[in-house]
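The sequence and the model are shown below, and the description follows them.

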Amino acid sequence: MKRPVKILLALLVFSQPVLASGIGVGVSVGREYPIIQEDQKAGQVIGIRARLQAPLGLSFEPNIYFTHFGDPDFEDFTSDLEGSKVTAYGVDVLFGGAFGAIGFKPYYLAGVGVYNTSRDQSLQDEQRIGWSTGLGLEFGVAKFLSLDFRARAVIVPTQGGGSKKSASLTGGMNLYF
Amino acid sequence: MNIFKRKAGVISTAGILLILTGCLISGTFVLSVMIRDLQVSANGENYYINVDITEDQDWQDHQGNIKDIDLVGFELWATNNTGVANKFSAYVADSLSSLDSLSTRTEIEEHGILVLKDLPLKATGQTHITYGQSFKYIASLDKLKELAEVGKFKMFAVANESNINFNLDSVLVIVTFTAGT
């Protein structure tokens, strides 16, 4: 079994105590935009998540995101540098959202994750803890199904004290059981 | 519940603003310095390149706030003047090193640090190593990062076989760094 899947399952197991009444799964796709990172261009992001309902309108979302940034362009020279790949697995805490309710339901999120950034071409491979926050809008079309749109900003501190930042816009769907 | 919702909204919005504010004062930048007038050493055994990225505007803008050297790469053009395919390597030394354009192959191999190993020289004509290709020839990225952080260093290109006559036409040094306050 692949490592990210194992980690997601582990997060699900350890999140069980906070479960109140519901569980869901979701998937989303979209674009991730590097923020002041000249060595990357916008690329595709795919997210897979579980959603565990908790009291007080909160829910926990163990998730995995796969991002493949686009190849950068430079003004001064022709580059064949490839964009980085980022695999991030973590947990977001959401406040709000549909979770089985019908209609538009906004939500806020904040989370932490492990961000593994690699670029095969230049032998770069780094794993760091990163933070995320964002806003979303969930549209419950049925008790068991919702559409999910979110804007999410990510900051990953680097070893020397700098940071890599990006923002993503994604759309997807959630299934509730 | 509404108060809690408002608080969550404020905290989340503040988080986004905090990240966006951070963006204004930190980022990852790429600078490139083209070196065309390469010096052949007095003894004709190697090429001597004085690399100085401190004149670059990006470097000057962020000097003193550099947090990480992310990547150092090259784009090179070299011409083999013989009909025999060969390879060449590059060594570096810090700007205070006694190595210079008068240094011999033996001195460079003994006192320099090998950073690019076995770059190909095709039998005749010009060989072009792209930025993306250069990474697979890098032998000591840590040393390159260390020198790039200083901004000035000496570089020497030496053919693997001493009887090979080649021209190192030009070298583009490309440095990616993360800077912030």
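Helices (H or I, at least four residues) and strands (E, at least two) are DSSP runs, numbered from the N terminus. Read along its sequence, chain B follows the pattern α-β-β-β-α-β-β-α-β-β-α-α-β-β, which comes to five helices and nine strands.

The model is predicted: local features need pLDDT of at least 70, side-chain atom pairs count only at pLDDT 80 or more, and totals for chains, interfaces and linings use all residues. Residues are numbered from 1 along each chain as its sequence is written, chains are lettered from A and ligands numbered from 1 in the order in which they are written, and side-chain values use heavy atoms, with hydrogens and water left out.

**The sheet of chain B**

In chain B an open sheet is built from four strands in the order β1-β9-β4-β7, with antiparallel pairing; two strands pair if DSSP finds at least two bridges between them. Because β1 (26–35) and β7 (125–129) of chain B stand at the edges with a single partner strand each, one side of each is left without a neighbour in the sheet. From one strand to the next the twist averages 15°. Helix α5 (residues 141–150) of chain B lies across β4 (66–80) and β9 of chain B, at about 105° to β4(B). Axes are lines fitted to C-alpha atoms, for helices over the stretch in contact, and angles run from 0 to 180 degrees between N-to-C directions.

**Strand pairs**

| Strand | Partner strand | Bridges |
|---|---|---|
| β1(B) | β9(B), residues 166–180 | ten bridges |
| β3(A), residues 58–70 | β4(A), residues 85–96 | eleven bridges |
| β4(A) | β5(A), residues 103–119 | twelve bridges |

β4(A) and β5(A) form a hairpin with six residues between them, and Gly97(A) in the turn has a positive phi of about 95°.

**The nonpolar cores**

Of the 181 residues of chain B, 54% count as buried, where buried means under 20% relative accessible area, exposed over 50%, and partly exposed in between (1.4 Å probe, protein chains only). A nonpolar core is a set of buried Ala, Val, Leu, Ile, Met, Phe, Trp, Tyr and Cys residues joined through side-chain atoms within 4.5 Å. The largest such core has 49 residues, and Phe74(B), Phe88(B) and Leu168(B) are among those with the most contacts inside it. β9(B) supplies the largest share of this core, nine residues. A second, separate core of eight residues includes Tyr65(A), Val86(A), Ala88(A) and Tyr115(A).

Contact means heavy atoms within 4.5 Å. Leaving aside residues up to four places away in sequence, Leu168(B) touches several residues, including Leu38(B), Ile49(B), Phe88(B) and Ala157(B).

**The interface**

Between the two chains, 34 residues of chain B are in contact with 35 residues of chain A. About 2800 Å² is buried between chain B and chain A, with carbon and sulfur atoms giving 67%; buried area is the accessible area (1.4 Å probe) that two parts lose on being put together, summed over both. One salt bridge is found across this interface, that is, a side-chain nitrogen of Lys or Arg within 4 Å of a carboxyl oxygen of Asp or Glu. Asp70(B) forms a salt bridge with Lys164(A), the closest N and O atoms being 2.4 Å apart.
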